[in-house]
Structure formats: C-alpha cells, structure tokens
Amino acid sequence: MSEPATAPQAVLLQCFERVGEVVHDVVDRLTEEQAQARPTEDANPIGWLLWHLARVQDVQLAHLAGTDDVYPAFADAFTGGEGGQGGFGFGMTSEQVGAFRASPVSALADYYDAVAARTTEILPGLTDLDRVIDDSYDPPVTVAARLVSTVVDVLQHAGQAAYVKGIVSRA
C-alpha cells in the first residue's frame, strides 16, 4: 500500500494524470497508418512519441524508486527501432524511429496505463525530494528536479502526438 501524497506529490500526480488523458485522446480511433505517419521526413510519428513518453516516465520513476520498470510486460507489442529492446528512444536515428511499430495501436494506451499505475504507487513514497541523485550537473539534480523534468518531457511529447494526430487526421 502506498503512502498518502504530500502537496507537491499530489500536484505531480495530477500532471501525470493529464498526460494519460492526452494519451487516450490521441489513441482513440487512431489507425496503424496514422500511428506511423510522419508529417515531415524526419518528424517523430505518433506511435513513437507515445511509446517514448511512456518509456521516459517508466524509466525515470523506476530509477527514483529503485525498482524495475514495467516495460518488459509490454515489449512484445513494440517492434522496430529499439521497440522490443528496452531502450527508451534517446539517440535513436531517424531510420530507427521510422521503423518503430506498435501492434496493436491500443498497446500504446495499455502501456501508458501500466506506467501511470506504477507512478501512482511510487510517487507518494518519494518523500526525499531534496535528495541529490546526480551531482555531475551544476546545480546538482535532485529527486524533485528529475520529477519536474520528467513531467515537462512527457507533457511535451503528449502535445506533439496530439498535434501530429491533428495533421494526419486531416490528410
């Protein structure tokens, strides 16, 4: 059973809940063709954006909690690029991004839902928000800074996925 969330944790949980809402809006009636569509030659497709944002949140929260990520239970639904290999998208080439596939497309929402559930379990237990987790930066990165950067990153990618869906839905 998880601990009750403090005020900062409650705000972060609401941010992650909003990501889930966007993910579900984007996946709703999304076809496999739309999931792979790239508005420009090197743009990130919707499927990759949703997979990547879930992977980032999964990896970052698991690292902060000292637990395993939930991805292995979903890896078989993601192929091409790094999909089934457990990476999370940083450093992928345009060709690798373009080769990524989610099958079925609903696996994108299913995976995010599992990540969100794990986030809801982990976040209330992260009470040491001022703890330094990476002192190679100036200023050093704290648990709070990592959580904020994760929220910013996943919200940005959720917005990008929604924008690309708007483009490819009209095409």
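Mentor: Helices here are DSSP runs of at least four residues and strands are runs of at least two, numbered from the N terminus. Bear in mind that this is a predicted model. From the N terminus on, the elements of the chain follow the order α-α-α-β-α-β-α-β-β-α.

Trainee: How many helices and strands does the secondary structure of the chain come to?

Mentor: There are six helices and four strands. The radius of gyration is 16 Å, close to the 16 Å that the globule rule gives for 171 residues, so the chain is as compact as a globular protein of that length. Its C-alpha atoms fill a box of roughly 45 × 30 × 25 Å along the principal axes, and 43% of the 171 residues count as buried.

Trainee: OK, helix packing next. At what angle do H1 and H6 pack?

Mentor: Helix H1, residues 7-27, packs against helix H6, residues 143-170, at about 20°, and their axes are 9 Å apart. Angles under 35 degrees count as roughly parallel, which is why H1 is described as roughly parallel to H6. H1 passes H6 in a left-handed crossing.

Trainee: And which residues of H1 and H6 make the contact?

Mentor: On the H1 side they include Leu12, Phe16, Val19 and Asp25, and on the H6 side Leu147, Val151, Ala158 and Lys165 are among them. Taken together, the residues of this contact divide into 13 nonpolar, one polar and two charged.

Trainee: Switching topic, is Asp58 buried or exposed?

Mentor: Asp58, which has its place in helix H3, residues 46-65, counts as buried because its relative accessibility is 3%. Leaving aside neighbours within four places in sequence, Asp58 is in contact with Asp69, Val70, Tyr71, Tyr111 and Val115.

Trainee: Now the backbone. Which peptide bond is cis, with omega near 0°?

Mentor: That is the bond from Ser103 to Pro104, and Pro104 is found in the loop between strand S2 (101-102) and helix H5 (106-122). The bond from Asp138 to Pro139 is cis too, with omega near 5°, and Pro139 is in the loop between strands S3 (132-134) and S4 (141-142).

Trainee: And which residue has a positive phi although it is not a glycine?

Mentor: Arg29 does, with a phi of about 60°. Most residues other than glycine have a negative phi. Arg29 lies in the loop between H1 and helix H2 (32-36), and it counts as exposed because its relative accessibility is 73%.

Note on methods: Residues are numbered from 1 along each chain as its sequence is written. This is a predicted model: local features need pLDDT of at least 70, side-chain atom pairs count only at pLDDT 80 or more; totals for chains, interfaces and linings use all residues. Side-chain values use heavy atoms; hydrogens and water are left out. Axes are lines fitted to C-alpha atoms, for helices over the stretch in contact, and angles run from 0 to 180 degrees between N-to-C directions. Angles under 35 degrees count as roughly parallel, over 145 as roughly antiparallel, 65 to 115 as roughly perpendicular and the rest as oblique. A crossing is left-handed if the near helix is turned anticlockwise from the far one by less than a right angle, and right-handed if clockwise. Contact means heavy atoms within 4.5 Å. Ala, Val, Leu, Ile, Met, Phe, Trp, Tyr, Cys and Pro count as nonpolar, Asp, Glu, Lys and Arg as charged, and the others, Gly among them, as polar. Buried means under 20% relative accessible area, exposed over 50%, partly exposed in between (1.4 Å probe, protein chains only). The radius of gyration is taken over C-alpha atoms; the globule rule is 2.2 Å times the number of residues to the power 0.38.
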